[in-house]
Amino acid sequence: MSTVTTVERLGNHVGETVTLRGWVYARTSKGKLHFVQLRDGTGYVQCVVFKRNVSEELFDAVAGCGQESSVELTGEVKADERAPGGYEVGVSEGRVLQAVSEYPITPKEHGADFLLSRRHLWLRSKRQWAILRIRDAVITALRGFFDERGFICVDSPMFTPAACEGTSTLFEVDYFDDEKAFLTQSGQLYAEASALAFGKVYCFGPTFRAEKSKTRRHLTEFWMLEPEVAFADLDDVMQLAEDMLVHVVKEVLRRRQPELAALERDVSKLECITGGFPRITYEEASKILLEHPDSEFVAGDDLGAPDETILSEMHEQPVMITRYPKNVKAFYMKEDPEDPTKVLCVDVIGPEGVGEIIGGSQREENLETLLASIAAHELPQEEFDWYLDLRRFGSAPHSGFGLGLERTVGWICGIEHIREASPYPRMMTRIRP
Ligand code: 4AD
Ligand code: MG
């Protein structure tokens with residue numbers, strides 16, 4: 001019996017005979033040779049089936065293997081510098097579990113709609129393999145970063161009775177006894193309660209937005225990681241956000257080189273993410289935009305996607321924009337003591353035109369000011385009664401932010417549309433498969 005291993009671990013088995021279990025990614029045959037590109041989820045390797053070295057039965061079975069046939073191949077691992085990945089397997093035994101012909105996704109170009117409708121199969125393509133393995137490394141790096149710094153993961157609920165980011169973008173669901181519930185837009189309000197219980201916390205889970213946006217940056221369901229820190233001010237969480245992004249990029253560069261290569265990612269664009277992110281205020285940003293010939297920015301408005309692109313293209317690293325006008329931001333943000341028309345908030349705009357990857361702020365900790373803000377935003381005060389308790393019992397300064405996972409993965413992978421950064425993307429026009 002030979003050892004069963006994975007493509008990722010072939011380096012530990014050079015000169016040994018091992019068994020790989022996977023699928024035929026591609027096959028070319030020449031006379032007495034079959035070259036099988038085997039994929040097993042961990043990587044890709046060429047397996048050479050030479051007629052003289054295998055049974056006639058196996059040789060003929062491999063001849064009938066189209067793309068995505070499932071196989072088990074046993075053979076000697078050879079280090080080969082010319083081979084992609086650096087190894088090759090000289091097959092001596094094996095079996096075909098299912099020979100497939102006419103797999104719908106071929107190496108030729110397919111349209112986005114065609115592929116999205118077959119997402120359950122499209123996941124097997126090399127590009128998707130690379131993106132979703134990078135997503136995995138990003139998640140591991142994020143959790144490791146917060147764990148090392150003494151944060152506790154306290155997750156927020158998905159079913160909520162009220163809005164967090166504004167009422168217009170909520171998905172309503174039927175709850176029991178004629179009650180309505182909403183799918184959460186952000187775990188923040190609960191994370192604030194958790195922070196006042198545990199000090200430094202984060203929640204990490206799916207969030208939902210019913211906004212009717214069909215852009216390459218919008219999903220209706222996406223994952224958000226939200227740290228919340230008691231006694232922290234805006235500057236503290238801006239530094240936290242910067243350290244976090246630097247750590248995540250470094251970890252992806254350390255652990256996912258084959259995947260970045262498969263995406264033909266220009267890694268120099270990631271290697272320069274070393275910290276010292278440019279920080280500008282909204283006022284400074286608006287000055288730049290108002291003087292920019294391509295900008296349609298109107299003073300006092302929120303920044304639009306084209307404005308963010310203009311600002312991000314001026315820098316190699318993410319840009320942090322602080323202190324937006326109060327009226328374009330959420331009710332819970334703390335007023336800027338130096339300018340009551342502004343709030344102590346930050347948006348982090350990713351490089352290369354990905355747009356906003358992080359939104360955060362210092363939170364209003366004064367009960368009266370917060371009550372006034374809830375009223376000004378025309379939110380139902382009774383739904384926030386529990387949240388207001390946080391300002392009644394041991395109120396303290398606290399701050400946090402939310403990182404959009406798919407936008408972050410999209411940026412790191414250098415992909416155009418963030419739908420590929422989600423295993424099963426949900427968008428305005430798509431809920432299947
Ligand atoms: O800026 P947002 O709306 O902030 C919040 O929800 C705060 N409550 C977070 C907090 O302070 N705890 O969203 C945060 C991030 C954005 O910067 C963006 O990366 C991502 O979530 N995001 C989306 N990603 C994909 N599709 C959408 N429709 C998104 N909306 C926001
Ligand atoms: Mg935002």
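**Figure 1. Residue classes in the shell around ligand 1 of the predicted model.** Eight residues of the shell are nonpolar, eight are polar and eight are charged. The shell counts 24 residues around ligand 1. Glu165, Ser186, Gln188, Glu226 and Glu356 come nearest.

**Figure 2. Polar contacts of ligand 1.** Glutamate 226 places a polar side-chain atom 2.7 Å from a nitrogen atom of ligand 1. Arginine 363 brings a polar side-chain atom to 2.9 Å from a ligand oxygen atom. Phenylalanine 401 takes part through its backbone: an N or O atom lies 3.4 Å from a nitrogen atom of ligand 1. Taken alone, ligand 1 exposes 630 Å², and the protein buries 94% of that.

**Figure 3. The pocket of ligand 1 and the strands around the ligand.** Ligand 1 sits in the largest pocket. β18 gives the most, with five residues.

**Figure 4. An open sheet of three strands.** The strand order is β8-β10-β9, and the pairing is antiparallel. β8 (159–160) and β9 (171–174) stand at the edges. Each has a single partner strand, so one side of each is left without a neighbour in the sheet. Strands of a sheet pair through backbone hydrogen bonds, either parallel or antiparallel.

**Figure 5. Pairing of β9 with β10.** Four bridges join β9 to β10 (residues 180–183). The two strands run antiparallel. Phenylalanine 171 stands opposite leucine 183 in β10.

Methods:
Residues numbered from 1 in each chain as written. Chains lettered and ligands numbered in written order. Predicted model: local features only at pLDDT ≥ 70, side-chain atom pairs only at ≥ 80, totals over all residues. Heavy atoms only, no water. Near = heavy atom within 4 Å. Polar contact = N/O pair within 3.5 Å; in protein donor to acceptor, adjacent residues only side chain to side chain. Areas by Shrake-Rupley, 256 points an atom, 1.4 Å probe, with all protein chains shown as cover. 1 Å grid on protein atoms, 1.4 Å probe; cavity = no way out; pocket = protein on both sides within 12 Å on 5 of 7 lines; lining within 4 Å. Sits in = over half its atoms within 2 Å of the grid points. Nonpolar A, V, L, I, M, F, W, Y, C, P; charged D, E, K, R; others polar. Pairing = 2+ DSSP bridges.
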